[in-house]
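These are my notebook entries on a structure that I looked up.

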Amino acid sequence: MLKLEKRPQPSRLWTWVTPLLAVVITMLAGGALFAALGKDPVEAIATIFWQPLFGEFAFYYRPQLLIKGAPLILIAIGLSLGFRAGIWNIGAEGQYIVGALTGAGVGLAFYPTESVLIFPLMVLAGALGGWGWAMIPAVLKLRFGTNEILVSLMLVYVAEQLLAAMALGPMKNPEGMGFPGSRNLRQYESAHNAELITGTGMHWGVVAAFIAVIFAYVLLTRHSLGYHIRLTGQAPRAARFAGVRPARLVLVCLGTAGALAGLAGMFEVSGPAGQVSIDFNVGYGFTAIIVAFLGRLHPLGILLAGLLMALTYIGGEIAQSNMGLPAAAIQLFQGMLLFFLLAVDVLTNYRIRLARREVA
Amino acid sequence: MDMGSISPELLLASLMVAATPILLAALGELVVERAGVLNLGVEGMMITGAICGFAVAVNSGSPAFGFVAAAGGGAVLALLFAALTQVALANQVASGLALTLFGLGLSSLLGQGYVGIKPPPVARLDIPLLGDIPFLGRVLFSHDLMVYFGLALVGLIWWMLKYSRAGLILRAVGENHDAAHALGYKVVRIRVAAILFGGACAGLGGAYISLIRVPQWTEGMTAGAGWIALALVVFASWKAGRVLLGAWLFGGVTVLQLNLQAAGFAIPVEYLSMSPYLITILVLVIMAGDKSRAPASLGRIFHASQ
Amino acid sequence: MKLTHLLTSAALALGLATGAVAQDTTKVGFIYVGPIGDGGWTYEHDKGRLAIEEHFGDQVETVYQESVPEGADAERAITQMALQGADLIFTTSFGFMEPTVAVAEKFPNVKFEHATGYKTLPNLSTYSARFYEGRAVQGHIAGKMTKSNIVGYIASFPIPEVIRGINAAYLHAKKVNPEIEFKIIWAYTWFDPAKEADAATALIEQGADVILQHTDSTAPQAAAEKAGDVITFGQASDMAEYKPLPRVSSIIDNWAPYYIARTQAVMDGTWESQQVWQGIDKGMVKIGEITDAVPADVRDEALALKQAMAEGEYHPFTGPINRQDGSAWLAEGEVADDGTLLGMDFYVEGISGQIPN
């Protein structure tokens with residue numbers, strides 16, 4: 001009989017091998033799926049993984065990977081701090097929405113004044129919006145002991161309704177012929193989160209994502225707060241003896257995650273998306289949770305996981321339109337990839353041993 | 001504006017129907033969470049149940065077979081989750097989210113070819129005598145079988161958790177899996193069983209939408225009902241009776257909102273739609289001081305290290 | 001400004017290059033907001049795509065992408081089709097307007113067609129259907145057939161198109177039945193079958209025996225069938241599976257003739273930017289079969305109304321019409337201009353309740 005035996009420390013080797021293993025298994029299983037749908041499996045897999053990176057139009061898709069990956073990475077970095085300390089914020093989607101609303105709100109309030117100060121103000125407002133929304137579960141947890149998983153999740157639905165109310169009401173474009181949705185911030189220079197270098201996809205959100213990765217890396221490896229976070233996650237009791245103040249940790253972790261998610265929303269609404277609309281949120285906040293785990297809660301891992309997710313999105317779209325694969329097949333393929341990535345992680349932390357059946 | 005045009009009797013009757021899918025799914029999730037497992041994949045299991053039930057009902061001509069298939073479909077998907085979280089010890093939050101993604105994709109693939117088809121009708125039970133009671137007859141005794149199944153399930157789960165030995169073990173596993181293991185209970189086996197039960201219930205809830213409530217198949221037709229079911233479990237503070245209350249509240253807010261609009265009241269729809277979630281948060285705060293709180297091992301990974 | 005120029009010229013060069021590759025067959029792309037299995041809005045657009053394939057055979061290649069979120073993802077999906085050498089791209093949801101404009105600016109050699117929007121470019125047309133003509137026919141049948149004099153209306157979002165439909169239906173119901181009353185529910189969704197079923201049930205319970213819907217699922221039809229003695233109309237697609245009762249007729253979005261004509265124009269090199277708003281006359285709006293459940297005289301009147309609109313003899317918004325607040329909108333014999341109709345944000349006189357905002 002097979003038995004799992006916990007490794008004293010996560011295996012460094014398997015940490016690197018498992019993701020590759022998962023991708024290979026997914027390619028096999030996904031290939032079988034595509035073949036069952038009557039499509040050439042090799043071509044489909046190549047389209048998803050190869051085309052965006054090295055295909056004919058890679059010059060366009062590579063920057064798009066950054067645009068699609070940046071919000072995922074930015075949010076996931078924030079979430080990973082809390083996840084490491086055992087603080088479960090799963091409401092990043094709501095914080096993302098509120099950050100977009102406050103950020104866009106500031107921009108729209110100044111319309112049509114042009115000033116270099118407007119964009120920094122929007123950045124600040126976006127971060128504050130996300131931070132404030134995350135403070136609700138944090139404060140309720142500290143004050144009343146409520147479960148932050150559930151409160152933060154409930155607040156996602158509230159934020160979604162708020163978004164609809166804003167897009168149809170106060171933020172509606174007065175020149176929009178009565179249609180829902182705000183003005184296009186991309187046509188308002190002072191509020192536009194434009195590409196910094198043409199053709200690279202780099203906008204302020206991408207820059208922020210990279211800064212967040214570096215910052216989180218330094219924090220976790222060099223700073224005492226990072227040590228406290230790791231210690232709390234691994235041994236909560238010991239952490240308390242080491243002088244960790246759990247309340248402060250909750251505020252810092254949820255606050256950081258909220259602020260980063262809010263920033264992601266703000267950069268998205270003022271750049272790639274351009275406007276506040278009813279369907280503005282497309283699930284980045286939830287996908288980022290998966291990204292955080294795929295990246296094993298490590299900043300560099302998250303960077304890679306975010307880009308991998310972006311790759312499957314973009315490659316999947318190409319496969320849809322080039323090969324006529326249904327969107328559902330791509331969704332299923334992504335689901336498989338996540339399953340396998342999550343499943344193989346067991347090899348990092350556990351050894352598989354053949355054990356004899358114990359004699360009673 | 002005409003309040004009189006709303007008939008309380010019919011309002012309550014539609015509320016019973018509107019509440020049934022989320023009630024079924026939430027009851028399943030309640031058992032799962034009581035066993036200490038958080039499965040966020042309810043939406044994925046519901047929609048898989050919706051298409052499995054629909055396809056089998058259409059092909060066999062029997063809604064009953066449909067519901068059985070729906071429960072089976074939901075359970076099979078839940079088995080994936082069980083394998084990930086109980087065998088491979090993966091994180092439950094991430095696995096649940098992945099399950100939803102997977103279920104949505106799978107259901108749309110399975111559902112190709114079922115768009116625009118009418119499923120076989122499910123008869124409404126008009127219970128003689130009881131159905132003739134004024135007011136209550138229409139509200140309580142003129143529904144399809146699944147509505148009563150949902151109500152019976154509430155009672156059954158309530159009884160099981162409170163009085164049966166199986167319920168006691170389930171709760172022990174959910175409160176402290178290490179202690180339960182030390183007492184000799186098979187933690188993993190019990191949790192897998194709970195997860196499968198949860199999947200089956202979610203599947204039934206989904207099929208209720210595709211076979212009775214709507215009834216048709218369209219992609220993404222559960223439209224977030226699974227997430228509401230999750231909220232419901234929390235709202236109910238993990239108690240079966242309160243799940244029923246919550247299902248009426250969540251279902252009721254939508255039905256009432258639509259009825260008020262039809263009666264000509266100008267209501268801020270978005271703000272009203274927020275209210276059940278805000279109420280849920282409020283309930284969480286209020287009951288924080290209460291003994292009834294989340295199962296202590298909820299969401300934590302169990303590994304028996306001897 | 002310099003940067004945008006650079007990008008534009010880069011894309012231009014590229015557009016030329018890819019255009020040259022796909023010379024023999026014309027490639028037509030479609031961006032859908034929902035899954036093609038939605039049975040309504042996207043389903044009908046996809047039927048238009050299939051009609052192109054059937055009509056032109058080997059001369060065309062069609063590609064599509066379904067369930068594209070509005071916003072940044074749409075821009076990428078459209079760009080991707082342009083890069084892959086599409087000659088003509090249809091973007092079939094209002095929310096794709098800004099992304100379509102952005103991409104069209106970068107690919108001046110590719111032709112774009114955006115449904116239901118109002119922004120155009122030399123290589124970007126808009127097209128939309130005068131669904132309100134169909135609403136007029138429905139209103140007439142509803143006014144004649146209701147016994148309770150209460151018509152239930154499931155509206156989606158408070159946008160001009162939906163408000164226009166309510167007004168058109170109300171005016172024509174009122175014309176044949178002065179006692180008529182409209183009960184309106186804003187569902188705040190285009191597609192949520194369970195909620196649509198609830199909305200229909202709520203309306204029926206409050207006495208409505210005719211249900212009009214501006215949402216896409218057949219859930220209201222099923223609710224009406226269950227309730228009995230209620231009539232409905234198919235929306236977006238024919239919803240023929242609910243014939244002959246409760247569904248007594250329907251408005252069908254028929255995009256095929258337009259899609260074929262525009263593809264032909266691209267092939268012939270005669271494509272020009274335009275803003276079209278076509279109705280029953282050009283076949284973009286079709287009235288589905290009026291079933292036997294409708295009395296013969298009512299059916300004849302409805303068909304006559306449809307005929308008058310098809311021949312341009314009658315406009316559903318012909319004065320005298322007042323606004324809801326009683327102020328005059330159209331004088332006797334005056335016909336509404338398209339500008340006002342496109343931005344319609346008010347109810348006509350007689351409708352109770354307010355448009356939410």
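Entry 1. I counted three salt bridges between chain A and chain C, a salt bridge being a side-chain nitrogen of Lys or Arg within 4 Å of a carboxyl oxygen of Asp or Glu. The side chains of A:K68 and C:D73 form a salt bridge at 2.6 Å, N to O.

Entry 2. I noted the basis of the values. The model is predicted, so local features need pLDDT of at least 70 and side-chain atom pairs count only at pLDDT 80 or more, while totals for chains, interfaces and linings use all residues. Residues are numbered from 1 along each chain as its sequence is written, chains are lettered from A in the order in which they are written, and side-chain values use heavy atoms, without hydrogens and water.

Entry 3. I found that chain A and chain C each give 34 residues to the contact (heavy atoms within 4.5 Å). By class, the side of chain A that touches chain C has 16 nonpolar, 12 polar and six charged residues; Gly counts as polar, and Asp, Glu, Lys and Arg count as charged.

Entry 4. I turned to the largest nonpolar core, which has 216 residues. Such a core is a set of buried Ala, Val, Leu, Ile, Met, Phe, Trp, Tyr and Cys residues joined through side-chain atoms within 4.5 Å, where buried means under 20% relative accessible area (1.4 Å probe, protein chains only). A:I289 and B:W238 are among the residues that touch the most other members. Not counting residues up to four places away in sequence, A:I289 touches A:L79, A:F83, A:I90, B:V93 and B:L97.

Entry 5. I also recorded a second, separate core of 82 residues, including C:M145 and C:V266.

How values were computed:
Buried < 20%, exposed > 50% of the residue type's maximum accessible area, 1.4 Å probe, protein only.
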